[in-house]
Amino acid sequence: MSDGMKDLEKQTSPASSRPLLEVRSLKKYFPIHKGMMRKVVNYVRAVDDVSFFVREGETLALVGESGCGKTTASRCILRALAPTSGEILFREADDRVTDLSALNRRGLRRFRSQMQMIFQDPFGSLNPRMTIFEIISEPLFVNGLHSRADRTDQVADLLKLVGLRPEYMQRYPHAFSGGQRQRIGIARALALHPRLVVADEPVSALDVSVQAQVLNLMLDLQEKLHLTYLFVAHDLSVVKHISDRVCVMYVGKVVEMAATQELFQAPRHPYTAALMMAVPVPDPDQRNIIQDLPGEVASPANPPSGCYFHPRCQFAKDVCRTETPQLREISPDHFVSCHRAEELQLAGIKENKEHSN
Amino acid sequence: MSTSFKPATQPNTSSLAHEPLLRVEDLKAYFFMDEGTVRAVDGVSFDVLPGKVVGIVGESGCGKSVTMKAILQILEPSARIVSGKVTLRSRLNSQDPNSPEELVELTRLHPNSRKIRKIRGSEIALIPQEPMAAFSPVYTVGSHIIETILLHQDVSKEEARKIAIDVFRSVGISMPEQRIDAYSWELSGGLRQRAIIAMALSCNPRLLIADEPTTAIDVTTQAQILKLLRKLQQERQTSIIFITHDLGVIAQMADEVVVMYLGMVMEKGPVHQIFKQAKHPYTQALLRSIPSVQSTPRLKLPTIAGSIAHPFNRPTGCPFHPRCAHFMRGVCDANQPALTPVAEGQFVSCFLYSSETMAPVDVQTPAVASTENRQ
């Protein structure tokens, strides 16, 4: 992996910004079986040599189009999936660093409460036969809080924390709207005071007018509880709004990682730039901004040679076709995997003063 | 069957280009269910001018898709058009560009009548939301399109295939001769969406209804599809009703915008007016609450309080009043505001702008301030 990652501790001296999680060369290959003997004929390289880190108290957004491996990566971190290879280094409160990828079920138990997930679909992620109290208090019960009175108190506190009334505790999920259900999902995720919260597209199933409420709540909670978010999303406007740093993925690889503002204003990878130009801006005066990227996303089962993006890249040279670029730090805290990152002048998104309140 | 158009709202009704292609007047479509009646579409009016793109924007449950289904008379069995008029300027022969026209009142037609079946596909075509569900997996995409062409045009099967290949080429599908014999599940999301658009265009409709055509696909593919739709619309001068919840897509595509909330039109007008001079508190709040790629990171967004009411539990009066920052007790919860003109082509249904109360200009400033204070 790049030197930048190893030097991380050096450059980010303040203790508050130590990495809470560091992923090194993570790979997750899914085998493709064929025939009666289920012979493995090929692999889907869903996550292919991915490295990134999340600092304590910050929000890192994993961005990319469908099939880029962002969800698979987040699931490997939570160890809902066993990675094929690579390291997942997690720092506990007492500064011990453990590689989660090597642990078995038993070994992971200690970490389960420290990493929680907020799911995409607020309708599918809550059991319709359980009351809100049962849904939120189950993790408490499992982790040794057996007194019902204590659990009731805690659930009431959690509901207040996410902006719901504690009286709602005995109701079932069907009585709530999508935004309220997502708040319940957040309350459940926070029940065990996790240090890392993985949010997989937490607002993409919500209505526009409700999205802002949930995003604001997540920002509030982060401030209050000093949470660290790994925010998986495809919507760049949402990502811009919530994250401190952004990690852009394409066909199982990280193409660029930088601070949010820097990434949006001065992208260094052609894919990042193209992705941003494709977002329709809600302003009828800026109509010609839509520029399309030719071609289709490459298949992770059969990726192109060299840089995976080269067949769609207008700047591709011979070296891009033959050599796979490595993720490297081209300016402090700005990582890019592109052979031509230094020479290219790519347009970013101008910030709209009117919108910045 | 035929009705005449009243010379209304538009000042230039003299030339045919300014005569609306489709006029929806006070359309109401309700669902009659065991649990009660859902007023999914409750008095919607708008015009679609030839060669223009009308964007219908709204959140889930606002009735934007039901409006579209009511126009085409493809409502679910539990739903019925209760009242209202949908008038289409229909060509007598859809394949002849200079064909004489007649005015058809679509709501009076039986959903299975020969006449509406002729209109569907050849005069009004639909681009559905789910490109995967729109094609049958056991037929090739080509056979769907050829079937449509044979149904509406007097051509042989070989000619129909040729037309289908041409349409495939025009929507930017490479190797159309091979792709036409592919099954929908062999195509990528972007190609499938292009094939759907090809099917919709195959009989030269004058009006396309695109129901969330880019919701299920990725941003870079979305940009390709939006660009394609805009190109086709300009080349063929097709009118489009573009239904979406994405204000970004609306800003990029629409000429006219209709903002809906719980089955009613809150505001409508030219796209610049809606985005720059929104008058209705709902439109204003919606525009302010969307995260934009152009905004500064990690700032709190102004939000709209509460959530969308359940359809069985619709608020009285203005449907937006429980969430509105300008709620006036005894006014907004008592009566439904009527659509009132506030500017050239712009209409708002809000008591803040009805003639008895104050002038709209005075209201604009406090409206902005109070919503921002709530963040």
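Predicted model: local features only at pLDDT ≥ 70, side-chain atom pairs only at ≥ 80, totals over all residues.
Q: In β4(B), which residue is the bridge partner of Y30(B)?
A: Strand β1 of chain B covers residues 22-33, and strand β4 of chain B covers residues 79-91. β1(B) and β4(B) are antiparallel, with eight bridges between them. In β4(B), Y30(B) has as its bridge partner R80(B).

Q: Which strands stand at the edges of the open four-stranded sheet of chain A?
A: The strand order in chain A is β2-β1-β4-β5, with antiparallel pairing. Each edge strand has a single partner strand, so one side of each is left without a neighbour in the sheet. The edge strands are β2(A), residues 39-55, and β5(A), residues 97-99: β2 and β5 of chain A.

Q: By what average angle are neighbouring strands of this chain A sheet turned against each other?
A: The open sheet holds four strands, in the order β2-β1-β4-β5 of chain A. Direction is ignored when its neighbouring strands are compared. The average turn is 25°.

Q: In β2(A), which residue is the bridge partner of L21(A)?
A: Strand β1 of chain A spans residues 19-34. β1(A) pairs with β2(A) in the antiparallel sense over 13 bridges. The partner of L21(A) in β2(A) is V54(A).

Q: What angle does the direction of helix α3 of chain A make with that of β1(A)?
A: Helix α3(A), residues 70-77, packs on the sheet. α3(A) touches β1, β2 and β4 of chain A, with β4(A) at residues 85-91. Its direction and that of β1(A) make an angle of about 115°.

Q: How many of the 13 residues of α7(B) are buried?
A: Helix α7 of chain B runs over residues 189-201 and reaches 18 Å from its first C-alpha to its last, close to the 18 Å expected. Its cover includes β6, α3, α4, α5, β7 and α8 of chain B. The buried residues include G189(B), R192(B), R194(B) and I197(B). α7(B) is largely enclosed by the rest of the structure because its buried residues number 12.

Q: Which members of the largest nonpolar core touch the most other members?
A: In soluble globular proteins, nonpolar side chains tend to be buried together. The largest nonpolar core here has 205 residues. The members that touch the most others are A61(A), V63(A), L230(A), C247(A), A164(B) and I241(B).

Q: What radius of gyration does chain A have?
A: Its C-alpha atoms fill a box of roughly 70 × 55 × 50 Å along the principal axes. With 357 residues, a compact globule would have a radius near 21 Å. Chain A agrees, at 21 Å.

Q: Among contacts in chain B between residues at least 6 apart in sequence, what percentage join residues at least 24 apart?
A: Chain B contains 12 helices and 12 strands. Buried residues make up 49% of its 375 residues. Of the contacts between chain B residues at least 6 apart, those joining residues at least 24 apart make up 61%.

Note on methods: Residues numbered from 1 in each chain as written. Chains lettered and ligands numbered in written order. Core = buried A, V, L, I, M, F, W, Y, C linked by C-beta atoms within 7 Å. Buried ≥ 20, exposed ≤ 12 C-beta atoms within 10 Å, placed from the backbone. Pairing = 2+ DSSP bridges. Helix = DSSP H or I, 4+ residues; strand = E, 2+ residues; numbered from the N terminus. Axes fitted to C-alpha atoms, helices over the stretch in contact; angles between N-to-C directions. Contact = placed C-beta atoms within 7 Å. Rg over C-alpha atoms; globule rule 2.2 N^0.38 Å. Expected span 1.5 Å × (residues − 1).
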